[in-house]
Amino acid sequence: SIIAGIFPYQDAFGYLDDSQRLLQGDPISAFSSRRPIFAATLAGLLHLTGNHLPSALLLFTALE
C-alpha cells in the first residue's frame, strides 16, 4: 500500500490529469487522493520543467 503511492501501476492518465490540476491550483480528484504522493511529485517535476512531460519523466527516472 505504501509503495503503491510512489509507483503508479495503473491509470497513468488519472495521475497526469491530477498533477496538472495541482499546478492550476485545483484540488485533486478522489482517484489520486488515495495515493497523492505520485501526483504531487509529478506536479513538482512538471513545474520545474515548464510543463514538459518527457523531461519531467526523465527527471523522475533519474531520482529513482
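Which residues of α2 are buried? In α2, they are G14, Y15, L16, D18 and S19, where buried means under 20% relative accessible area, exposed over 50% and partly exposed in between, with a 1.4 Å probe and protein chains only.

**Before selecting anything**

This is a predicted model, in which local features need pLDDT of at least 70 and side-chain atom pairs count only at pLDDT 80 or more, while totals for chains, interfaces and linings use all residues. Residues are numbered from 1 along each chain as its sequence is written, and side-chain values use heavy atoms, with hydrogens and water left out.

**Stop 1: the whole chain**

Display the protein chain as a cartoon. Its secondary structure comes to five helices and zero strands, and the order from the N terminus is α-α-α-α-α. Helices (H or I, at least four residues) and strands (E, at least two) are DSSP runs, numbered from the N terminus. Buried residues make up 27% of the 64 residues. Of the contacts (heavy atoms within 4.5 Å) with a separation of 6 or more, 34% are between residues 24 or more positions apart.

Next, colour the chain by pLDDT, the predictor's confidence in each residue, from 0 to 100. The mean for the chain is 86, and 84% of its residues reach 70 or more. Where pLDDT is low, the predicted coordinates should not be read in detail.

**Stop 2: helix α2**

Select residues 12-24, which form helix α2. This helix has 13 residues and reaches 19 Å from its first C-alpha to its last, close to the 18 Å expected at 1.5 Å a residue; the expected span is 1.5 Å times one less than the number of residues. The cover over the buried residues of α2 includes α3 (30-33), α4 and α5. Just after α2, G25 takes a positive phi of about 90 degrees.

**Stop 3: D18**

Now show the side chain of D18, in helix α2. D18 counts as buried because its relative accessibility is 1%. A polar contact of 2.7 Å joins the side chains of D18 and S29. Such a contact is a pair of N or O atoms within 3.5 Å; within protein, one must be able to donate a hydrogen and the other to accept it, and residues adjacent in sequence count only if both atoms are side-chain atoms. Leaving aside residues up to four places away in sequence, D18 touches I28, S29, F31, S32 and A39.

**Stop 4: the aromatic rings**

How many aromatic pairs does the structure hold? There are three aromatic pairs. Rings of Phe, Tyr and Trp (its six-membered ring) pair if their centres lie within 6.5 Å; planes under 30 degrees apart count as stacked, over 60 as edge-to-face and the rest as tilted.

Select Y15 and F38, an edge-to-face pair at 5.6 Å centre to centre, with 80 degrees between the planes. Y15 lies in helix α2 and F38 in helix α4 (residues 36-48), so this pair ties together parts that are 23 residues apart in sequence. Y15 is buried at 2% relative accessible area, and F38 is buried at 9%.

F38 and F60 form an edge-to-face pair, 5.2 Å centre to centre and 85 degrees between the planes. Because F38 lies in helix α4 and F60 in helix α5 (residues 53-63), the pair ties together parts that are 22 residues apart in sequence. F60 is buried, at 14% relative accessibility. Ring pairs link Y15, F31, F38 and F60 into a cluster.

**Stop 5: the nonpolar core**

Select Y15, L16, F38, L42, L45, L46, A56 and F60, the eight residues of the largest nonpolar core. A nonpolar core is a set of buried Ala, Val, Leu, Ile, Met, Phe, Trp, Tyr and Cys residues joined through side-chain atoms within 4.5 Å. Helices α2, α4 and α5 each supply at least two residues of this core, and the largest share, four residues, comes from α4. F60 and L42 are 18 residues apart in sequence and 7.7 Å apart in space, C-alpha to C-alpha.

**Stop 6: N51**

Finish in the loop between α4 and α5, where N51 is found. N51 has a positive phi of about 65 degrees although it is not a glycine. Most residues other than glycine have a negative phi. N51 is partly exposed, with a relative accessible area of 45%.
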